[in-house]
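Please keep the sequence and the model at hand while reading.

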Amino acid sequence: MVKELTCIICPRGCRLTIDENNNVTGNTCPRGKDYAISEMTNPVRTITSSVRVINREDTLVSVKTSGPIPKGKIMEVMAEINKIAVKAPIKIGNIAKKDILGLGVDIIITKNID
Ligand code: SF4
């Protein structure tokens, strides 16, 4: 069975096909092949979101996962991120939550709040 997908590694967005033997077509560069194979075996995503700053009224700070997580865990991770609240001052690179859901990935602050 051939599966079609769009490569999301760069803005070019190549249309890829991959068959059951991991033969990939449509990729302009090797990263597209790696992406297609990863999507078939263990699809992952890096998540960006924001969390509450408890000592600043109506303030959110942006966060992201320190690495990709399995696609099937996105909803659970988002639910955990929604429970996080941090206290200012806080800096880019600070960890808002370590090892979220035991996935070996941290939630990292991506904005400075004085
Ligand atoms: S295959 Fe290569 S060029 Fe095409 S979207 Fe993916 S990363 Fe970009």
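The model is predicted, not determined by experiment. Three of its strands form an open sheet in the order 1-2-3, with antiparallel pairing. A ligand is present, and the residues that surround it include Cys7, Cys10, Cys14 and Cys29. Further topics are the pairing of strand 5 with strand 6, the cis peptide bond from Ala88 to Pro89, and the buried residues Glu80 and Ile90.

**The three-stranded sheet and helix 1**

- The sheet is open, its strands follow the order 1-2-3, and the pairing is antiparallel. Strand 1 and strand 3 are the edge strands, each of them pairing on one side only.
- Helix 1, which spans residues 30–41, packs on this sheet and touches strand 1, strand 2 and strand 3. The direction of helix 1 makes about 55 degrees with that of strand 2.
- Strand 1 (residues 3–6) and strand 2 run antiparallel and are joined by four bridges. Within this pairing, Lys3 stands opposite Ile18 of strand 2.
- Strand 2 and strand 3 (residues 24–25) also run antiparallel, joined by two bridges. Here Thr17 has Thr25 of strand 3 as its bridge partner.
- Which residues of strand 2 lie on its covered face, and which on its uncovered one? In this strand (residues 15–18), Leu16 and Ile18 make up the covered face, whereas Arg15 and Thr17 make up the uncovered face.

**The ligand shell**

- The ligand is surrounded by Cys7, Ile9, Cys10, Arg12, Gly13, Cys14, Asn27, Thr28, Cys29, Arg31 and Gly32.
- How many residues of this shell are nonpolar, polar and charged? The shell divides into five nonpolar, four polar and two charged residues.

**Strand 5 and its partners**

- Strand 5 (residues 48–53) runs antiparallel to strand 6 (residues 60–65), and five bridges join the two. Ser50 stands opposite Ser62 of strand 6.
- The hairpin of strand 5 and strand 6 has six residues between the strands, and in this hairpin Asp58 takes a positive phi near 50 degrees.
- Strand 5 is also joined to strand 8 by two bridges, and these two strands run parallel. Arg52 has Ala85 of strand 8 as its bridge partner.

- Most residues other than glycine have a negative phi, and most peptide bonds are trans.
- Asn22 has a positive phi of about 60 degrees although it is not a glycine. Asn22 belongs to the hairpin of strand 2 and strand 3, which has five residues between the strands.
- Is Asn22 buried or partly exposed? Asn22 counts as partly exposed because its relative accessible area is 31%, a value between the limits of 20% and 50%.
- Asp99 is a residue other than glycine whose phi is positive, near 45 degrees. Asp99 lies in the loop between strand 9 and strand 10 (107–109), and is partly exposed, with a relative accessible area of 38%.
- The peptide bond from Ala88 to Pro89 is cis, with omega near 0 degrees. Pro89 is located in the loop between strand 8 (85–86) and strand 9 (95–97).

**Two buried residues**

- Glu80 is part of helix 2 (residues 74–83). Why is Glu80 classed as buried? Glu80 is classed so because its relative accessible area is 18%, under the limit of 20%.
- The side chain of Glu80 makes a polar contact of 2.8 Å with the side chain of Lys83. Leaving aside residues up to four places away in sequence, Glu80 touches Lys97, Ile100 and Leu101.
- Ile90 is placed in the loop between strand 8 and strand 9. Ile90 is buried, with a relative accessible area of 8%.
- Residues touched by Ile90, not counting those up to four places away in sequence, are Ile109, Lys111, Asn112 and Ile113.
- The C-alpha atoms of Ile90 and Arg45 are separated by 25 Å, and the two residues are 45 residues apart along the chain.

Methods: Residues numbered from 1 in each chain as written. Predicted model: local features only at pLDDT ≥ 70, side-chain atom pairs only at ≥ 80, totals over all residues. Heavy atoms only, no water. Buried < 20%, exposed > 50% of the residue type's maximum accessible area, 1.4 Å probe, protein only. Pairing = 2+ DSSP bridges. Contact = heavy atoms within 4.5 Å. Axes fitted to C-alpha atoms, helices over the stretch in contact; angles between N-to-C directions. Polar contact = N/O pair within 3.5 Å; in protein donor to acceptor, adjacent residues only side chain to side chain. Near = heavy atom within 4 Å. Nonpolar A, V, L, I, M, F, W, Y, C, P; charged D, E, K, R; others polar.
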